[in-house]
Every structure is written in structure tokens, then in C-alpha cells.
Amino acid sequence: MSTPRRRSSHPAIIGAVIAAVATVVAAAIPVALELVRDTGGGGAAPQVQGSPSVVPSQVVGPQATAGPGSSAAPTSSAPSNAAPVEAEVRSLVEMPEVDDWEGWQQEPRTVAGRRHETVLTASPCWLNDHYTATFVVSRQYRLLEAAVGIADDSPGALPLRFTVLVDRKKVFTTTVGLGKTRPVKVDISAATQVSLQVSTTSVDQCHGDSIGTWIAPRLHR
């Protein structure tokens, strides 16, 4: 009697092994395809869940704009070398002078019981004598404003004549005695030069007898 040939494995075991291998291969194919698409296809890597995205600061000119919640102060775009604004009112004595101020002084004085800090004074002598101070205004102002009178400490009480000249032409004149002041308002919008003048009114007047004052002469734009 012949002995039957021995088989190396059971058919059921071989089938189970083949089925397991097929399952592993089937699961690996999608993973491989996904890796090829993410790394070899040229696309950007996916963003990791839970990781905050970083937004770059927006740049304006040479400096970056601070992000939300920043305490940095905004950068001003105004030029630092802007020209200063001209004053609307300016003292006449600040303007360039034409004459040498012979016979004139600038000093505080009391006139009609009131002390003034910016005062031009002059004391002419003899009849029809006068002192004139001329300033360059270059048609930059529209109005000259001041007050005139005789200083309270003048030894004499004779009145003096006060005159405004625009480019050497008389445009205003008044006569004032001791203890009084009179306002002066003159249109100088067309003036290149403005002159203030103090003149005698009597042959009995001489230097130091009656001290004429131009009080706070100022220019308005």
C-alpha cells in the first residue's frame, strides 16, 4: 500500500495570507498617492491645524505700519521744514530803517498819565523844525496804527504836530498838546516806505521843551 504525499500547507491558511497582503497593498496605495501630490506635485504644504497664520506687516513708504493693538505712534508725513507763519501784527520799530534816527529815542514814557513801553520820542527846535524816522514796509501791510502825544515830564506845554508820510507824501497830520493823546490809523497798503514825523508849532519851542511821542506804532496785515 502506497503512502499518500504530504502537502506543505493548508489551503485555508494560504488564502488568508493572500487576503491580508491584498488589504495592506490596497491601504498603502492612497497614502502613496497623497504623498506624491503633497510633495512632488509642486503645491504648498498644507497648514497644520491649530497653528495661527502669520500675516506680514503692511509697509507704507520706508516704515512698516504697526499691526492691530500696537501702541506705536503713527508717523507724521508733514514736512519738518515748513515755513513759519507771518504775524498779523508787527511793531514798526522792527522794520528796517532808512534814516539814522538822529534826534530820536526809543524808550518807555508816560503820556497822559499812562506808561507805555514801546515809544518813539523826538523834540524839535524852533519854528517849522521837524524830525522824521522812515521805515521800509515793502507793501506788505495794509494799516499803520499808533497814538501820539507829549510826554508828561516835558518842561514845556506847547503842542506839537505829528505827521505820517507814505513814500514821502503826507497822508495824515494832527496837533496834540500836553495831557492828551490822539489815535492814528492810516491806510498804508500801497506804501514802500512809511515815515513818522514830529514838528514844532511855535518859535518858543526848542530841544527838550516839548517831547513828542509816537506810542506803540504797529503794522497790520
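**A walk through charged pairs and a core**

Let's begin with a trio: Glu107, Arg109 and Asp153 are joined in a network of salt bridges. Keep in mind that the model is predicted. Arg109 counts as buried because its relative accessibility is 13%, under the 20% cut-off.

Side chains of opposite charge can pair when their charged atoms come close. The count of salt bridges here comes to 6. Among them is the pair of Arg115 and Glu117, with the closest N and O atoms 3.4 Å apart. Arg115 is exposed, at 51% relative accessibility, and Glu117 is exposed too, at 54%. Another salt bridge links Arg90 to Glu94, at 3.2 Å between the closest N and O atoms. Arg90 is partly exposed, with a relative accessible area of 28%.

Now turn to strand E9 (residues 143-150), where you will find Glu145. This residue is buried, with a relative accessible area of 17%. The side chain of Glu145 makes a polar contact of 2.8 Å with that of His220. Beyond its neighbours within four places in sequence, Glu145 is in contact with residues including Val184, Lys185 and Pro217.

Finally, look at the largest nonpolar core, which has 30 residues; Trp104, Ile188 and Trp214 touch the most other members. Elements giving two or more residues to this core include E9, strand E12 (181-187) and strand E14 (212-220).

Terms used
Residues numbered from 1 in each chain as written. Predicted model: local features only at pLDDT ≥ 70, side-chain atom pairs only at ≥ 80, totals over all residues. Heavy atoms only, no water. Helix = DSSP H or I, 4+ residues; strand = E, 2+ residues; numbered from the N terminus. Buried < 20%, exposed > 50% of the residue type's maximum accessible area, 1.4 Å probe, protein only. Polar contact = N/O pair within 3.5 Å; in protein donor to acceptor, adjacent residues only side chain to side chain. Contact = heavy atoms within 4.5 Å. Core = buried A, V, L, I, M, F, W, Y, C linked by side-chain atoms within 4.5 Å. Salt bridge = Lys/Arg side-chain N within 4 Å of Asp/Glu carboxyl O.
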